[in-house]
Amino acid sequence: MGNKHRVVILGGGFGGLYAAQALKRAPADVTLIDRRNFHLFQPLLYQVATGSLSPGEVAAPIRSVLSKQKNTQVLLGNVTDVDPGAKRIFLRDGGILEYDSLIVATGSRSSYFGHDEWHTWAPPLKTVEDATTIRHKILIAFEAAERTTDPVERNAWLTFVIVGAGPTGVELAGALGEIAHHTLKGDFRSIRPSDAKIIVLDAGPRLLPSYPETLSAHAVDSLRKLGAEVRTGLLVTHVDANGVATKTQEGTEDHIASHTVIWAAGVAVSEFGKQLATRTGAPTDKSGRIIVRPDLSVPNYPDIFVVGDLAYIPDQQGKPLPGVAQVAMQTGSYAARTIAARLKGGRKQKPFHYFNKGDLAVIGRFAAVANVFGFHLFGFPAWFVWLFIHLLYIVEFQSRVVVLIQWGFLYLTYNRGAMLITGSAATKSVKATAPLPAEDEV
Ligand SMILES: Cc1cc2nc3c(=O)[nH]c(=O)nc-3n(C[C@H](O)[C@H](O)[C@H](O)COP(=O)(O)OP(=O)(O)OC[C@H]3O[C@@H](n4cnc5c(N)ncnc54)[C@H](O)[C@@H]3O)c2cc1C
């Protein structure tokens, strides 16, 4: 690395990785820093949570993805602070990095709307650890139901509640339905896994609110076929070891007895995002996303770009772009191209424009809903598009072939290759009630 323009990229998710790749030929020294040594393909996390794929099949070491890119160094480190005046980044271990241009892509995290204590009982799905925690919780629930002789307890173990009816909630519910109705069929003696009750809750009026209404209705139908029920207009007021308390807008209260609650609801910005807003005085929306300028830079700091889930970017109608992989990829590449163009002393870049290729959510075997280029698809055609796109975007991964083989096997046989209860990740949240070994024995 020489004395070239120094571009530092924070985060190796979709935004950071695409930014780094777009700087491949730029006359710059690029440093990408992440606190994890791998890039995680979050859209397939639910498959880890439900035992179809193993963690290694949805993650790839950032270092190896970028190993051929000679102008780029990958560093492992947790970024905690920034001094935008001095153009410095501070790491938790005391390390300091200097930059000429900065691309911030530290993403988002789950939010419990001020009730972080619910996390213990209702894990979110954001990291690999979350996914294995959920897998642990789901599999233990069936084991505990098989062991208990108390019908009330059995019912609570066989009731699965997913809070949040967005794509993640829908995908989880569909996969759980398949586990209950097909994968575990015939495996138990005291219970019928297909008696499992899967309930998707949401405060809003309908499932998949960002999709056209007809597709929401198809998704509800597909879920029903898999034994999952959708309950909308319900606000969660409490979560603990014994289930979820809810309230309607009219004030009617209810309680669902369940030992397996999964959180697929709120999103807040990463910790570093908050710090960046404080240090730069940048405006934010109510979830903390940084309201960027049309070229994705932070107001008053033209050398700092914010991309992906952390950025608040209005579309032509003034509505914020959603927190999806496509937005992260396109914003990451755009910020990188802007820096490269500045280095060449070229013309000013046009403002960022999002090219929306559509939305997709998979519900189960050969069932999905898709809104692609204005075409509304459901059932097998939507599922096929979903399969094609996910394999296309998992290109960086050596595991693409493995994933395809796994899926082929899964779809033909309903078998799930990664249904193992490993680690003790979720034991804390089940040990209070489960008739199972203590944490250190699991
Ligand atoms: C379960 C789930 C399913 C999803 N499904 C879909 C889908 O089907 N289709 C779709 O388009 N989108 C989907 N999304 C959304 C999509 O994954 C995100 O929009 C996208 O990952 C955002 O990219 P990003 O680069 O902004 O952040 P991320 O991909 O989250 O990357 C952020 C990176 O920054 C790192 N980082 C954070 N803080 C620090 C720090 N302080 N120091 C160092 N490193 C740090 C993290 O380790 C991470 O690698 C899904 C998300 C989830 C959670």
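**Group meeting: a helix pair and a sheet**

Okay, let's start with the helices: in H6, Val170, Ala173, Gly174 and Gly177 meet Ala219, Ser222 and Leu223 of H7. Sorting the residues of that H6–H7 contact by type, you get four nonpolar, three polar and no charged. Keep in mind that what we're looking at is a predicted model.

So how do the two helices sit against each other? H6 covers residues 167-183 and H7 covers residues 213-225, and their axes come within 9 Å, crossing at roughly 25°. Angles under 35 degrees count as roughly parallel, and H6 and H7 are therefore roughly parallel to each other. As for the hand, H6 and H7 cross in a left-handed way.

Right, on to the sheet. This one is open, built from six strands, and if you walk across you go S5-S2-S1-S9-S21-S20. The pairing is mixed. Which strands are at the edges? That would be S5, at 72-76, and S20, at 297-298, each of them pairing on one side only.

Let me zoom in on the S5 end. S5 pairs with S2, residues 28-34, in the parallel sense, and there are five bridges between them.

Technical notes. Residues are numbered from 1 along each chain as its sequence is written. This is a predicted model: local features need pLDDT of at least 70, side-chain atom pairs count only at pLDDT 80 or more; totals for chains, interfaces and linings use all residues. Axes are lines fitted to C-alpha atoms, for helices over the stretch in contact, and angles run from 0 to 180 degrees between N-to-C directions. Helices (H or I, at least four residues) and strands (E, at least two) are DSSP runs, numbered from the N terminus. Angles under 35 degrees count as roughly parallel, over 145 as roughly antiparallel, 65 to 115 as roughly perpendicular and the rest as oblique. A crossing is left-handed if the near helix is turned anticlockwise from the far one by less than a right angle, and right-handed if clockwise. Two residues are in contact if their C-beta atoms, placed from the backbone, lie within 7 Å. Ala, Val, Leu, Ile, Met, Phe, Trp, Tyr, Cys and Pro count as nonpolar, Asp, Glu, Lys and Arg as charged, and the others, Gly among them, as polar. Two strands pair if DSSP finds at least two bridges between them.
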